[in-house]
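Hi,

Here is the structure I promised to send over.

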Amino acid sequence: MSHIVQIQTEVRDPVAISAACERLKLPQPMQGTFKLFSSEATGLGIELPRWRYPVVCDITSGQLQYDNFEGRWGDRCHLNQFLQSYAVEKTRIEARRRGHTVTEQAQVDGSIKLTVQVGGAV
């Protein structure tokens with residue numbers, strides 16, 4: 001039997017956002033109001049490589065605002081890398097908060113396998 005799963009990432013944790021930027025060697029996010037092509041967005045601004053405009057994280061709603069003009073002003077793969085790094089860092093933060101140990105293993109396809117050991121021992 002097949003199951004379809006849809007996951008929508010909400011980006012709400014400023015500590016995990018900062019850790020994701022550090023992991024990817026991006027500049028640290030800055031709080032402010034940022035100009036996009038034809039609008040403005042307020043939140044934590046993330047500078048992705050070779051993107052014309054920042055990605056803005058609204059930590060209240062968990063939503064991202066950006067304008068990459070369907071890839072012409074920024075490669076979506078950089079946004080996907082940021083979201084993956086955010087998810088890894090948020091998982092680490094929450095697992096450690098509960099006293100669990102996290103191990104990480106990079107996969108050949110670019111994905112990351114996280115193992116959370118309940119109780120802290122590996």
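This is a predicted model: local features need pLDDT of at least 70, side-chain atom pairs count only at pLDDT 80 or more; totals for chains, interfaces and linings use all residues.

The largest nonpolar core has 16 residues, and I17, I46, L48, C57 and F82 have the most contacts inside it. By nonpolar core I mean a set of buried Ala, Val, Leu, Ile, Met, Phe, Trp, Tyr and Cys residues joined through side-chain atoms within 4.5 Å, where buried is under 20% relative accessible area (1.4 Å probe, protein chains only). Two or more residues each come from α1 (14-23), β2 (40-46), β3 (55-58) and α2 (76-97); helices (H or I, at least four residues) and strands (E, at least two) are DSSP runs, numbered from the N terminus.

Residues are numbered from 1 along each chain as its sequence is written, and side-chain values use heavy atoms, with hydrogens and water left out.

Back to C57: leaving out residues up to four places away in sequence, C57 touches V11, I17, G43, L44, I46, Q63, L64 and F82 (contact means heavy atoms within 4.5 Å).

N68 sits in the loop between β4 (63-65) and α2.

Lastly, β5 (residues 101-106) and β6 (residues 112-117) run antiparallel, joined by six bridges; strands pair if DSSP finds at least two bridges between them. T103 stands opposite T115 in β6. Five residues separate the two strands of this hairpin, and G110 in the turn has a positive phi of about 95 degrees.

Cheers

Conventions
Buried means under 20% relative accessible area, exposed over 50%, partly exposed in between (1.4 Å probe, protein chains only).
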